Amino acid sequence: PVGAQQWVPSEPRGIEQLKEAAAHCEGCELHVDATQTVFGRGAADASIVFVGEQPGDVEDQKGLPFVGPAGRLLREAVDDAGIDPTDVYITNAVKHFRFERRGERRIHQNPGPAHITACRPWLVAEFSLLQPRLVVILGATAGRALIGPSFRVTQQRGKLMPWPASAQHPADFPVAEIQALATIHPSAVLRADDRETAYRGLVDDLKIAADAVK
Ligand code: URA
Ligand code: SF4
């Protein structure tokens with residue numbers, strides 16, 4: 001893929017302008033079959049930016065991130081962790097839904113490394129406008145996009161990490177004093193055998209995020 005860079009405005013005035021530009025992105029082939037670009041959403045002065053994987057089926061249809069089942073669970077966990085929901089911006093590492101058709105159904109497929117790399121310029125642009133204090137990495141795809149291929153959610157979750165020292169390409173994230181915290185993806189809670197324990201683990205990690213921006 002050619003990557004998103006040529007669609008990113010060079011000096012964006014705000015998130016709205018980025019979002020409008022991203023609607024036309026053809027940086028990789030995912031735009032062909034997906035309904036629309038699903039850009040990030042939230043407060044322009046958010047302290048915390050959440051980075052998920054990619055939009056799911058519901059998000060693809062509505063054009064908004066985390067509005068399906070995983071999103072509901074994430075909002076509940078944010079609330080239970082004591083994070084102010086108005087102090088949050090939520091986005092994804094990849095901004096188009098990747099899926100496989102099986103008859104009428106659309107089955108979610110993980111984005112590949114090429115999609116993550118192609119879509120990264122949008123994430124970089126969001127970060128440089130938002131200048132968050134803390135980035136919450138939701139699961140393996142976001143971790144690979146932000147930290148690099150060595151990222152392991154099981155080993156790195158629940159610990160505040162310095163930024164950009166931990167990032168793969170620190171130079172392209174023009175953010176000064178920022179921390180990162182990884183946790184499991186809310187979909188992993190929905191899939192877990194022991195949902196209760198998995199949910200409590202997510203909330204415990206997010207409490208560390210809440211304390212970090214107090
Ligand atoms: N899962 C994600 O990672 N992002 C969404 O927006 C929805 C589900
Ligand atoms: Fe562009 Fe990202 Fe969509 Fe690919 S997934 S077309 S890079 S917005």
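Trainee: Terms first: helices (H or I, at least four residues) and strands (E, at least two) are DSSP runs, numbered from the N terminus. Which element gives the most to the shell around ligand 2?

Mentor: Helix α5 does, with 3 residues. Keep in mind that this is a predicted model.

Trainee: Which residues come nearest to ligand 2?

Mentor: C25, G27, C28, H96 and C119, out of 15 residues around the ligand. Two elements give two or more residues to that shell: α2, residues 30-33, and α5, residues 113-130.

Trainee: How does the shell around ligand 2 split by class?

Mentor: There are 8 nonpolar, 5 polar and 2 charged residues.

Trainee: And ligand 1? What is the split by class there?

Mentor: The shell around ligand 1 has 4 nonpolar, 7 polar and 2 charged residues. Its shell counts 13 residues, and G52, E53, G56, P65 and A70 come nearest.

Trainee: Switching to the sheet. In what order do the strands run?

Mentor: The order is β1-β3-β2-β6-β8-β7. That makes an open sheet of 6 strands with mixed pairing. The edges are β1 (41-42) and β7 (160-163); each has a single partner strand, so one side of each is left without a neighbour in the sheet.

Trainee: How many bridges join β6 to β8?

Mentor: There are 5, and those strands run parallel too. In that pair V135 stands opposite A180 of β8.

Trainee: What about β7 and β8, parallel or antiparallel?

Mentor: Antiparallel, through 4 bridges. M161 has A180 in β8 as its bridge partner.

Trainee: Where's the core? Which residues have the most contacts inside the largest nonpolar one?

Mentor: I48, V51, V135, V136 and I137, in a core of 53 residues. Helix α5 gives the most to this core, with 8 residues.

Trainee: Take V136. What is it in contact with, beyond its neighbours within four places in sequence?

Mentor: I48, F50, L181, T183 and A209. Of these, F50 is also the residue opposite V136 in the sheet.

Trainee: New topic, helix α6. How many of its residues are buried?

Mentor: 7 of its 8, so by the cut-off of 20 or more other C-beta atoms within 10 Å the helix, residues 139-146, is mostly covered. The buried ones are G139, T141, A142, G143, R144, A145 and L146.

Trainee: What covers the buried residues of α6?

Mentor: The cover includes β2, α5, β6, α7 (153-156), β8 and α8 (186-191). Just after α6, G148 takes a positive phi of about 125°.

Trainee: Why is F66 called buried?

Mentor: Because 26 other C-beta atoms lie within 10 Å of F66.

Trainee: Last one. Where is L18?

Mentor: In helix α1, residues 15-22. L18 is buried, because it has 21 other C-beta atoms within 10 Å.

Trainee: What is L18 in contact with, leaving aside its neighbours within four places in sequence?

Mentor: P9, P12, F39, A125 and E126. L18 and F39 are 21 residues apart along the chain, with 8.5 Å between their C-alpha atoms.

Terms used. Residues numbered from 1 in each chain as written. Chains lettered and ligands numbered in written order. Predicted model: local features only at pLDDT ≥ 70, side-chain atom pairs only at ≥ 80, totals over all residues. Pairing = 2+ DSSP bridges. Near = placed C-beta within 6 Å. Nonpolar A, V, L, I, M, F, W, Y, C, P; charged D, E, K, R; others polar. Core = buried A, V, L, I, M, F, W, Y, C linked by C-beta atoms within 7 Å. Buried ≥ 20, exposed ≤ 12 C-beta atoms within 10 Å, placed from the backbone. Contact = placed C-beta atoms within 7 Å.
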